[in-house]
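Here are my comments on the model you sent. They are set out as numbered points, to be read beside the structure.

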Amino acid sequence: MTATSHGPHSSGDTSSFGFRDVDAKDKVRMVRGVFDSVASNYDLMNDLMSAGVHRLWKDAAASKLNCRPGETILDVAGGTGDMARRYSKMARRAQERNGGEDASVIVLDYNAEMILAGVEKGGEPEMRWTVGDAMALPLPDASVDAYSISFGIRNVADIAVALSEARRVLKPGGRFLCLEFSRPTTEALRKAYDAWSFNAIPAIGQWVAKDRDSYQYLVESIRRFPDQATFKAMIETAGFRNVTVTNLSGGVAAIHFGWAI
């Protein structure tokens with residue numbers, strides 16, 4: 001589901017592409033191909049794959065980030081702008097209540113097709129769009145108040161590098177938020193979720209987008225992503241403090257939140 005950047009767990013010069021390990025440089029090209037393919041049907045597929053629940057997860061994540069007037073918010077792997085629209089509206093509502101400067105919400109994605117799909121969908125006055133790399137952000141040190149990445153970090157070739165870049169661009173006291181698929185917390189839910197994912201989602205991809213392989217990759221990439229505790233430790237290693245985990249829908253997805261202190 002949401003957005004790109006590059007690809008998950010990296011080990012040395014290799015990175016996982018679904019259940020395969022490939023050269024990290026190839027991973028970048030292969031993930032770009034996946035999202036080139038799915039961009040035009042992306043939002044519809046998100047609704048079908050999650051029965052619309054992804055909208056509730058995104059609402060919860062936006063509330064957690066709590067964007068305010070005058071802030072610069074960087075939404076990495078921002079895709080078609082779902083999260084950035086939420087952040088913009090939240091900051092504007094706070095501005096209408098309390099005054100203050102306009103917020104600035106930067107939507108950054110590695111994939112130009114996703115950005116174009118978002119621009120066509122329409123944005124908010126606070127939003128601006130850019131193509132860029134989660135592992136080499138085109139922003140100066142300590143330049144943003146909040147960093148978010150939703151359903152995108154599992155697609156980067158080196159998670160640790162992306163987390164380090166997030167820490168670099170955040171101001172002291174800045175907020176980090178990652179919304180990502182995670183590990184269901186019970187065996188029964190895990191089995192039911194696996195059955196749905198591996199059987200239904202590639203079939204829906206074939207039916208709606210005429211692209212089974214890309215959706216097979218998305219399902220496999222979720223399985224290869226670190227569990228909640230492992231990812232929390234990675235965020236802490238990158239220099240974030242007071243890191244918390246909020247499970248959503250029994251751990252099908254999770255919000256990891258931390259502070260650049």
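Which residues are buried in α8?

1. In this predicted model, the buried residues of α8 are S214, Y215, Y217, L218, V219, E220, S221 and I222. Helix α8 covers residues 212–224, and its 13 residues should span 18 Å at 1.5 Å a residue; the end C-alpha atoms lie 19 Å apart, which agrees.

2. For the overall picture, the protein chain holds nine helices and ten strands. Of its 261 residues, 55% are buried. Contacts between residues at least 6 apart in sequence join residues at least 24 apart in 73% of cases.

3. Seven strands make up an open sheet with mixed pairing, in the order β6-β5-β4-β7-β8-β10-β9. Its edges are β6 (127–131) and β9 (241–248); each has a single partner strand, so one side of each has no neighbour in the sheet. From one strand to the next, the twist averages 15°.

4. Both kinds of pairing can be followed in detail. As background, strands of a sheet pair through backbone hydrogen bonds, either parallel or antiparallel. Strands β4 (residues 72–76) and β5 (residues 104–109) run parallel and are joined by five bridges; V76 stands opposite L108 in β5. Strands β9 and β10 run antiparallel, with six bridges between them, and V245 stands opposite H256 in β10.

5. Helix α6 (residues 159–169) has I159, A162, L163, E165, A166 and V169 buried. Why do they fall on the same side of α6? They cover an arc of only 160° around the axis, which puts them there. The buried residues of α6 pack against β4, β7 (144–150), β8 and α9.

6. The N-terminal end of α6 is capped by D158, with a side-chain oxygen 3.1 Å from the backbone nitrogen of A160.

7. What does the sheet have packed on it besides its own strands? Helix α9 (residues 228–237) packs on the sheet, where α9 touches β8 (170–181), β9 and β10 (253–260). The direction of α9 makes about 155° with that of β9. Helix α9 is also among the elements that the buried residues of α6 pack against.

Notes
Residues numbered from 1 in each chain as written. Predicted model: local features only at pLDDT ≥ 70, side-chain atom pairs only at ≥ 80, totals over all residues. Heavy atoms only, no water. Pairing = 2+ DSSP bridges. Helix = DSSP H or I, 4+ residues; strand = E, 2+ residues; numbered from the N terminus. Axes fitted to C-alpha atoms, helices over the stretch in contact; angles between N-to-C directions. Contact = heavy atoms within 4.5 Å. Expected span 1.5 Å × (residues − 1). Buried < 20%, exposed > 50% of the residue type's maximum accessible area, 1.4 Å probe, protein only. Arc of directions from axis to C-beta. Polar contact = N/O pair within 3.5 Å; in protein donor to acceptor, adjacent residues only side chain to side chain.
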